[in-house]
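Morning, everyone. Please have a look at the screen, and then we'll walk through it together.

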Amino acid sequence: MKVLLINGSPRADGNTSELVKRFIGDIGNKASVEEVRIFNTDIKGCKNCGACQRAVLEKHCTVNDGMSALYPKFLSSDVVIIASPIYMWQFTPCTLAFLNRLHCLCHSADFSYNEMAGKKMAALVTLGDEEEVADFAVNGLKEFCTFFSIGYLGDLRIPFASKEKISSGEYDKRIKGFAEMILG
Ligand SMILES: Cc1cc2nc3c(=O)[nH]c(=O)nc-3n(C[C@H](O)[C@H](O)[C@H](O)COP(=O)(O)O)c2cc1C
């Protein structure tokens, strides 16, 4: 199984990255996992030129930026995990830009072309408040998956997150359960 993990946290040493590290520690020898940290990747938002909706483009999108290298990674993965902290009730801006730019992989007017169909997605989320505060972001991802015929596997949310608590092992059982759920 090929897993692409998109880490949208700005902090390489923060709460989300600690969660990601422990998740990869669990799943890494049972699946091929590639983590891509996207905070410093130039991913612009869709400019709505419409080209991808009229034809299947060789490079998927007319915007040439950091996303160009991520399309092949996305397309060759079985499972894509979105790992992001919640900033202002949402996934981080780079995470949203990544999701935004996947639009070119589907002709959403008639679904005659949809390279996202059959993929699976899941989310790893850390936040400063209680779990429900992530609903807005996570429910948006679920809607995204339903619309594009992607199987939504589930999410693991760490509320009131701190790196110390995550690295203490307090969540290891839940992280292991999440990894087992991804493996199926
Ligand atoms: C700009 C900003 C906005 C935030 N907004 C929220 C929020 O809306 N809800 C929440 O529960 N936590 C919020 N937080 C707290 C983070 O989600 C939490 O500390 C998270 O674990 C940080 O992960 P990181 O170390 O990977 O950045 C916010 C933090 C920042 C820096």
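Which residues form one aromatic cluster? The answer is F111, F144, F147 and F148. Keep in mind that this is a predicted model.

Let's stay with aromatics. The structure holds five aromatic pairs. F147 and F148 make up an edge-to-face pair.

Now, buried or exposed? F148 is buried, because its relative accessibility is 7% and the cut-off for buried is under 20%. F147 has a relative accessible area of 43%, so F147 is partly exposed.

Next, the ligand. How many residues surround the ligand? There are 16, and the closest are S9, T16, I86, Y87 and T126. Sorted by class, this shell has eight nonpolar, six polar and two charged residues.

Now some contacts. R11 places a polar side-chain atom 2.8 Å from a ligand oxygen. N15 works through a polar backbone atom, 2.8 Å from an oxygen atom of the ligand. For D129, too, a polar backbone atom lies 2.8 Å from a ligand oxygen. On its own, the ligand has 640 Å² of accessible area, and the protein covers 73% of that.

Last stop: helix α1. Helix α1 runs over residues 15-27, which is 13 residues. From first C-alpha to last, α1 reaches 19 Å, close to the 18 Å expected.

Notes. Residues are numbered from 1 along each chain as its sequence is written. This is a predicted model: local features need pLDDT of at least 70, side-chain atom pairs count only at pLDDT 80 or more; totals for chains, interfaces and linings use all residues. Side-chain values use heavy atoms; hydrogens and water are left out. Helices (H or I, at least four residues) and strands (E, at least two) are DSSP runs, numbered from the N terminus. The expected span of a helix is 1.5 Å times one less than its number of residues. A residue is near a molecule or strand if one of its heavy atoms lies within 4 Å of it. A polar contact is a pair of N or O atoms within 3.5 Å; within protein, one must be able to donate a hydrogen and the other to accept it, and residues adjacent in sequence count only if both atoms are side-chain atoms. Accessible areas come from the Shrake-Rupley method with a 1.4 Å probe; for residues, only the protein chains shown count as cover. Ala, Val, Leu, Ile, Met, Phe, Trp, Tyr, Cys and Pro count as nonpolar, Asp, Glu, Lys and Arg as charged, and the others, Gly among them, as polar. Rings of Phe, Tyr and Trp (its six-membered ring) pair if their centres lie within 6.5 Å; planes under 30 degrees apart count as stacked, over 60 as edge-to-face and the rest as tilted. Buried means under 20% relative accessible area, exposed over 50%, partly exposed in between (1.4 Å probe, protein chains only).
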